[in-house]
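Here's a quick briefing to read alongside the structure.

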Amino acid sequence: MQPLDLTDTRLLQAMAKDPRRTVVALAQKLGLSRNTVQARMAQLEKKAVFLSFERRINTVSLGYPLTAFIHVHVQQQKLAAITHSIAAVPEVIEAFGLTGQADILVRVVAVDAEDLFRINGKILACEGVERCDTSLAMGELIPFRVEPLLARGPRPVS
């Protein structure tokens, strides 16, 4: 991926502050032409800089007030199949491969403790899963953010 330049990061900062702003309004705010802003946005999209809108939907509004993190310990040779099985659980909203004690960190949402128990059971039932350690999120202390990184400006890519 090509590194972002200062104009790209300025555009991203403006969009982060007001995502509903039009291309014309962004151009005026940044002192750029409308065509430049449109071209930059197209390039950013092509570079997969933008995440899906789905990441901005609050799961509480969908009826899932609990969030939990499940550390999944697996048989490594079955990792791909396990990942596929875990992805089939609708309450799994993201998962990461890890180094360290656990192999996969799964973020899930649930209706209540009983529902979380059911979801945990579905993950445990996946062939190759050895055990799960589940932690209930008590509250979000630092919401997802990139503004501090944008404020630092572009960094050279090594």
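Predicted model: local features only at pLDDT ≥ 70, side-chain atom pairs only at ≥ 80, totals over all residues.

**Helix α1**
- The buried set in α1 is made up of T7, D8, T9, L11, L12, Q13, A14 and M15.
- Helix α1 covers residues 6–17, and its twelve residues should span 16 Å at 1.5 Å a residue. The end C-alpha atoms of α1 sit 17 Å apart, which agrees with that figure.

**α2 against α3**
- Two packed helices are described by the angle between their axes and the distance between the axes.
- For α2 (residues 23–30) and α3, the axes come within 8 Å and cross at roughly 110°. Angles of 65 to 115 degrees count as roughly perpendicular, so α2 and α3 are roughly perpendicular to each other.
- On the α2 side, V23, V24, L26 and A27 do the meeting, and their partners in α3 are R34, V37, Q38 and M41.
- Sorted by class, that contact of α2 with α3 has six nonpolar residues, one polar and one charged.

- T59 is found in the loop between α3 (34–46) and β1 (66–74).
- Is T59 buried or exposed? Its relative accessible area is 17%, and buried means under 20%, so T59 is buried.
- Setting aside neighbours within four places in sequence, T59 is in contact with Y64 and V109.

Terms used
Residues numbered from 1 in each chain as written. Heavy atoms only, no water. Helix = DSSP H or I, 4+ residues; strand = E, 2+ residues; numbered from the N terminus. Buried < 20%, exposed > 50% of the residue type's maximum accessible area, 1.4 Å probe, protein only. Contact = heavy atoms within 4.5 Å. Axes fitted to C-alpha atoms, helices over the stretch in contact; angles between N-to-C directions. Parallel < 35°, antiparallel > 145°, perpendicular 65-115°, else oblique. Nonpolar A, V, L, I, M, F, W, Y, C, P; charged D, E, K, R; others polar. Expected span 1.5 Å × (residues − 1).
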